[in-house]
Each structure stands twice: as structure tokens, then as C-alpha cells.
Amino acid sequence: MRALSQIALLRELEPVIEQCLGRHLATAETWDPSQYVRPERYWGQRRSPLTETAKAALVTTLLTHNNTARTEPGAPAATRGSWGSWLHEWTGEKRLHADAIQQYLVATRSVDPIALDRARFQCTTIGIEASMEGDHLLRSMVHSTVDVMATMVSHENTAVECADPVATAVLERIVADQKLHVGFYRSVVDAALGIAPAQTFKAITEVVMNFQMPGSGLPGFERSAMLIARDGIYDLRRHLDEVLLPALRGWRIFERTDTVGGERNRKMLSDFLDDLECQAATFEQMRMRALARDAEKLRAS
């Protein structure tokens with residue numbers, strides 16, 4: 001069967017996209033960061049109340065939001081109709097999320113605001129490329145689904161790490177928006193599986209096997225990723241159990257029989273997930289040993 005071009009695929013998906021956009025607009029709530037972040041609450045403190053891990057997680061997710069709000073997924077020519085309207089809505093909400101996190105970080109004296117502005121400017125002007133984003137419509141849709149799911153997991157655990165009701169309220173508000181974003185992308189990808197099953201299955205396989213943790217490529221990402229994984233905010237176990245497996249189950253990837261070459265892709269995915277399981281188990285064992293060593297040192301001191 002001949003593969004559909006991106007424009008032809010987008011034309012076939014237009015009714016679903018229009019329906020999902022209407023559902024999103026009817027459900028989404030309008031809000032402003034000032035409803036949650038009141039700088040006067042923190043005027044009396046000299047130091048940030050946040051741990052280094054909480055700061056790293058918030059700065060990483062802020063810059064990730066900033067960059068993904070700059071780059072719109074999908075074919076550049078496909079910016080009209082319901083898809084163009086969705087991109088406008090989605091990127092606007094991403095900018096709102098980035099602004100809310102920045103206001104919280106500045107209010108709590110957790111960052112140098114000038115340095116943070118420079119980092120955001122770098123993301124906006126230079127960008128942070130992800131191998132599965134760009135001009136490939138299907139890969140971009142799948143990547144957006146997985147990326148937003150990963151960011152939601154990170155936000156939920158960052159709220160616990162912050163131990164501040166304001167951070168919890170801000171991040172819960174952002175996650176509420178992101179649940180709608182995931183619902184949109186999941187539904188559109190599911191529709192694409194019905195229209196072009198082989199192409200979409202291939203895109204899902206490519207994204208899952210090449211996905212990079214949110215923030216990869218950011219300045220200082222290696223240190224931040226180490227802190228975030230060490231303290232359980234986002235690691236391989238969460239990536240596998242709370243992001244990849246739920247996404248694949250939602251699309252019924254291992255149940256479908258309507259894809260040409262599907263068995264090959266299913267085998268590749270299955271082997272990849274098995275390997276990821278081994279890596280996650282190894283990392284958990286290493287973390288437990290490190291925690292035990294730290295506890296022993298503490299008792300000895």
C-alpha cells in the first residue's frame with residue numbers, strides 16, 4: 001500500500017483534529033500565574049526553600065517548556081485549518097507554563113533571574129533539537145504524546161520534592177492542562193493508526209526507541225539529570241512503567257493485526273522494552289546501594 005504524504009495524511013485527519021480541538025477548547029480553563037505565585041509570600045526569606053534537586057527539575061522543565069513552545073510539530077506547510085489552530089493554542093499554553101515556573105523560581109530566590117533569562121533566550125534563538133521532532137508529522141505527534149506524558153510524571157514528583165504548597169498548586173495546574181494535551185495527541189495518533197497503520201506503527205516504534213529524556217541538550221543537563229534520577233523524580237523505571245507502557249497500551253500496539261510489517265516492529269519494540277527493563281532494574285540496584293552507603297556514612301559520623 002502506497003504511503004500517504006504528510007499533507008494527504010493531515011487532510012484525512014482533519015475531522016478528528018477539529019473534534020479534538022473543540023473538546024480541548026470546551027474543557028481547558030483560563031488561568032494566570034499571578035493567581036498562584038505571590039512574590040510577597042517569600043519577601044522575608046534570604047534563601048531558597050528548595051533542594052538542589054527541586055531547582056534542577058524546575059529549571060530543566062522550564063527550559064523544556066520554553067523550547068517546545070518555540071518549535072511547532074509537524075510539516076511546515078500544514079499550518080492552516082484545525083491543525084494550525086491547535087498549534088497556536090498548544091504553544092500558547094506551553095509559554096504560560098514556562099512563565100509560571102519562572103515566576104515561582106524568581107519569587108523563591110531559587111535562580112539568578114538574569115542567568116535564567118539568558119538560558120531561555122538561548123533556547124529560543126538556538127533551540128534544542130530532538131531526533132524525533134521536526135518536519136515528520138507522525139513522529140512529531142507521537143513524540144509530543146510521549147514527551148508531555150514524561151513531563152507530567154516529572155511535575156508530579158517535583159511537587160513532592162519542593163514541599164511547598166505554592167509549587168504544588170502551580171504544578172498541579174500545569175499537569176491539568178497537560179492531561180488535555182495528552183488526550184489530544186493520543187486521540188489523533190489513534191486515528192492515524194486507523195488511516196495509515198503501517199506508517200503510524202513505524203513512527204511509534206522509531207520514537208519509542210529513540211526518545212531522549214526531556215531536557216536532553218540543555219546546558220548543564222547531565223548534572224540535572226543525575227539529580228533528577230537519583231531522587232526518583234524521573235528515571236528509567238518511571239519512563240518505562242509510567243510513560244512508555246501506558247502509551248503503547250493506549251494504542252493497543254501489541255494487539256493490532258492491521259499493520260503491514262507490524263510483527264517486525266512489535267518484535268523490535270518488545271526486545272527494546274525488555275532491555276529497558278533490565279537497565280531500569282540495574283539502575284535501581286545501584287541507587288539502593290548508594291543510599292545504603294550514604295546511610296552508613298551518616299551513622300558513622
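**Notes on an all-helix model**

1. Arg299 is exposed, at a relative accessible area of 59%, while Glu296 is partly exposed at 44%. Elsewhere, salt bridges with shared partners tie Arg237, Asp241, Glu277 and Glu284 into one network. Bear in mind throughout that this is a predicted model.

2. Now the overall picture. The protein has ten helices and zero strands, so the pattern along the sequence is simply α-α-α-α-α-α-α-α-α-α. Of its 301 residues, 50% count as buried. Take the contacts between residues at least 6 apart in sequence: 84% of them join residues at least 24 apart. The accessible surface comes to about 15000 Å², and carbon and sulfur atoms account for 54% of that.

3. Back to charges. A search of the whole structure turns up 15 salt bridges. One of them pairs the side chains of Arg237 and Glu277, at 2.9 Å from N to O. This pair links distant parts of the chain, with Arg237 in helix H9 (residues 236-250) and Glu277 in helix H10 (residues 262-300), 40 residues apart. Arg237 counts as buried because its relative accessibility is 16%, under the 20% cut-off. Glu277, at 34%, counts as partly exposed.

4. Helix H9 also has a local pair. Arg238 forms a salt bridge with Glu242, and the closest N and O atoms are 2.7 Å apart. Both residues lie in H9, four residues apart, or about one turn of the helix. Arg238 is partly exposed at 22% relative accessibility, and Glu242 is partly exposed too, at 34%.

5. What about the cysteines? The structure holds zero disulfides.

6. The Ser48 side chain reaches the backbone nitrogen of Leu50 at 3.1 Å. A polar contact of 2.6 Å also joins the side chains of Ser48 and Ser110. Setting aside neighbours within four places in sequence, Ser48 is in contact with Lys55, Thr108, Arg109 and Ser110.

7. Finally, Gln102. Is this residue buried or exposed? Gln102 is buried, with a relative accessible area of 12%. The residue lies in helix H3 (residues 81-107). Not counting residues up to four places away in sequence, Gln102 touches Leu62, Leu116, Asp117 and Arg120.

Conventions: Residues numbered from 1 in each chain as written. Predicted model: local features only at pLDDT ≥ 70, side-chain atom pairs only at ≥ 80, totals over all residues. Heavy atoms only, no water. Helix = DSSP H or I, 4+ residues; strand = E, 2+ residues; numbered from the N terminus. Buried < 20%, exposed > 50% of the residue type's maximum accessible area, 1.4 Å probe, protein only. Contact = heavy atoms within 4.5 Å. Polar contact = N/O pair within 3.5 Å; in protein donor to acceptor, adjacent residues only side chain to side chain. Disulfide = S-S within 2.5 Å. Areas by Shrake-Rupley, 256 points an atom, 1.4 Å probe, with all protein chains shown as cover. Salt bridge = Lys/Arg side-chain N within 4 Å of Asp/Glu carboxyl O.
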